[in-house]
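Dear colleague,

Please find below the structure that I am handing over to you.

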Amino acid sequence: MTVRKILETKGRAVATIGPDQTLADAAKSLGEQRIGALVVTDGDGRIAGILSERDIVRVVGRDGELALEQRVSAVMTSHVTTCSENQTTSELLEIMTNGRFRHLPVERDGLLDGIISIGDVVKLRIEDVERESEEIKLYIATA
């Protein structure tokens, strides 16, 4: 299973935020959309960073409610690991596990083209295992 296949199923829409918006704006967007991360983009659709719930919690824990007035650019992860459409779910799991993050933006020709979460990958892996199990049961029943 590849990133392309995942995106064909779930779509390529990505929740984004600008680097000059505040953490309060980011927290509101995360809550309203019920998601765990926002990709920070510049005006041209290029990935400038990523901001997760964990990033916000860490800063609020350190600075209190004043943290919510900070700009996204001050808190975001600016060196973002991305993936391409041709990578496999096994590769994604390895990248996410080694990097200890749950969201991986998809980049094509230098532009944001989707996002894969650990939940997307796990869901597809479970579907694969269930399908294989059914195929084995069918094989045994008809043998």
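**Findings**

Among contacts in the protein chain (heavy atoms within 4.5 Å) between residues at least 6 apart in sequence, 57% join residues at least 24 apart. The model is a predicted one, in which local features need pLDDT of at least 70 and side-chain atom pairs count only at pLDDT 80 or more, while totals for chains, interfaces and linings use all residues. Residues are numbered from 1 along each chain as its sequence is written, and side-chain values use heavy atoms, with hydrogens and water left out.

The secondary structure of the protein chain amounts to 6 helices and 5 strands; these are DSSP runs numbered from the N terminus, with at least four residues for helices (H or I) and at least two for strands (E). Along the sequence, the pattern is α-β-α-β-β-α-α-α-β-β-α. The C-alpha trace spans about 65 × 35 × 25 Å along its principal axes. Of the 143 residues, 34% count as buried, that is, under 20% relative accessible area with a 1.4 Å probe, protein chains only.

**The sheet**

An open sheet of mixed pairing is formed by 3 strands in the order E1-E2-E3; two strands pair if DSSP finds at least two bridges between them. Strands E1 (16-17) and E3 (47-52) stand at the edges with a single partner strand each, so one side of each has no neighbour in the sheet. Helix H2 (residues 23-33) packs on this sheet and touches E1, E2 and E3, its direction making about 130° with that of E2. Angles are taken between N-to-C directions and run from 0 to 180 degrees, with axes fitted as lines to C-alpha atoms, for helices over the stretch in contact.

Strand E2 (residues 37-41) runs antiparallel to E3, and 5 bridges join the two. Thr41 lies opposite Ile47 in E3. The hairpin of E2 and E3 has 5 residues between the strands, and Gly45 takes a positive phi near 80° there. Because 5 of the 6 residues of E3 are buried, E3 is largely enclosed by the rest of the structure.

**The helix pair**

H2 also packs with helix H3 (residues 53-63), at an angle of about 135° and with the axes 11 Å apart. In this packing, Leu23, Ala26, Ala27 and Leu30 in H2 meet Glu53, Ile56 and Val59 in H3. By class, the contact of H2 with H3 has 6 nonpolar, no polar and 1 charged residues; Ala, Val, Leu, Ile, Met, Phe, Trp, Tyr, Cys and Pro count as nonpolar, Asp, Glu, Lys and Arg as charged, and the others, Gly among them, as polar.

Yours sincerely

Conventions
Buried means under 20% relative accessible area, exposed over 50%, partly exposed in between (1.4 Å probe, protein chains only).
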